[in-house]
Amino acid sequence: MMRLVRFVVCAGLAACASLGLVLAADAGSDRSSITLRGVVPPVCTVSVSASNASVDLIRGQSQVGVATVEEQCNAAGGYVVSVTSKNGGQLLRADGGGVGYSLRYGDASVGQNGSLSAERTATGDVRRSTLAVSVPANPEATAGDYEDIVTISIQAR
């Protein structure tokens, strides 16, 4: 008879213990949360591959490709590509004589002052454009080396 009582008491305690855990879980439940964040900074790059083309200043030439430009930017607001001439759209000799020229960058023309800004929508893809130069005929141009420096830059908006 003693065995039967022990079993009932042990079985009863096990049931009470299980019930107690369930009640404790319901009565003391809690919840926490965290916020996950990530940052992707704007990255804008431009690379220029010069074609080493030479322009005939005496006869003049139109739309001579002088470089291929690759631009890429992931800025959410888009970006701006700027083309500027150190000499304001003039090929200059060391002694100061000069010949004016104009540039075309992709679908945008650069005026005689040698500068332009092109606004772009960001896609994250590489965009390739040709930088081309046009020079009017200058049959009286003085002999010598003529030069200008054209700078292409990119900036997130």
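**Reading a disulfide, its strands and a pocket**

Modeller: C44 and C73 form a disulfide, with their sulfur atoms 1.9 Å apart. C44 lies in strand 1 and C73 in strand 2, so the pair ties together parts that are 29 residues apart in sequence. Please keep in mind that this is a predicted model.

Colleague: How many disulfides does the structure hold?

Modeller: In general terms, a disulfide is a covalent bond between the sulfur atoms of two cysteines. The structure holds one.

Colleague: Is C73 buried or exposed?

Modeller: The cut-off for buried is under 20% relative accessible area. C73 has 1% relative accessibility and therefore counts as buried. Its partner in the disulfide, C44, is partly exposed, with a relative accessible area of 25%.

Colleague: In which sense do strand 1 and strand 2 run, and how many bridges join them?

Modeller: Strand 1 and strand 2 run antiparallel and are joined by seven bridges.

Colleague: Over how many bridges do strand 2 and strand 9 pair?

Modeller: Strand 2 and strand 9 pair over eight bridges, in the antiparallel sense. As an example, L131 in strand 9 stands opposite A67.

Colleague: Where is G60 found, and which residues does G60 touch beyond those up to four places away in sequence?

Modeller: G60 is found in the loop between strand 1 and strand 2. Not counting residues up to four places away in sequence, G60 touches V135, P136 and A137. With a relative accessible area of 18%, G60 is buried. The C-alpha atoms of G60 and Y101 are separated by 9.6 Å, although these residues are 41 residues apart along the chain.

Colleague: How much space lies in the largest pocket, and which residues lie nearest its centre?

Modeller: The general idea is that rolling a probe the size of a water molecule over the atoms shows where empty space is left. Here, about 620 Å³ of space lies in the largest pocket. The lining has 27 residues, of which A53, V55, V66, L91 and D148 lie nearest the centre.

Colleague: Which strands each supply at least two residues of that lining, and what is its make-up by class?

Modeller: Strand 1 (44-50), strand 2 (61-73), strand 9 (127-135) and strand 10 (150-156) each supply at least two residues. Strand 10 gives the largest share, three residues. By class, the lining has 19 nonpolar, six polar and two charged residues.

How values were computed. Residues are numbered from 1 along each chain as its sequence is written. This is a predicted model: local features need pLDDT of at least 70, side-chain atom pairs count only at pLDDT 80 or more; totals for chains, interfaces and linings use all residues. Side-chain values use heavy atoms; hydrogens and water are left out. On a 1 Å grid over the protein atoms alone, a cavity is a set of points where a 1.4 Å probe fits but cannot get out, and a pocket is an open set with protein on both sides within 12 Å along at least five of seven lines; lining residues have an atom within 4 Å of a point. Grid points are joined across faces, edges and corners, and a volume is the space filled by probe spheres set on the points. Helices (H or I, at least four residues) and strands (E, at least two) are DSSP runs, numbered from the N terminus. Ala, Val, Leu, Ile, Met, Phe, Trp, Tyr, Cys and Pro count as nonpolar, Asp, Glu, Lys and Arg as charged, and the others, Gly among them, as polar. Two strands pair if DSSP finds at least two bridges between them. A disulfide is a pair of cysteine sulfur atoms within 2.5 Å. Buried means under 20% relative accessible area, exposed over 50%, partly exposed in between (1.4 Å probe, protein chains only). Contact means heavy atoms within 4.5 Å.
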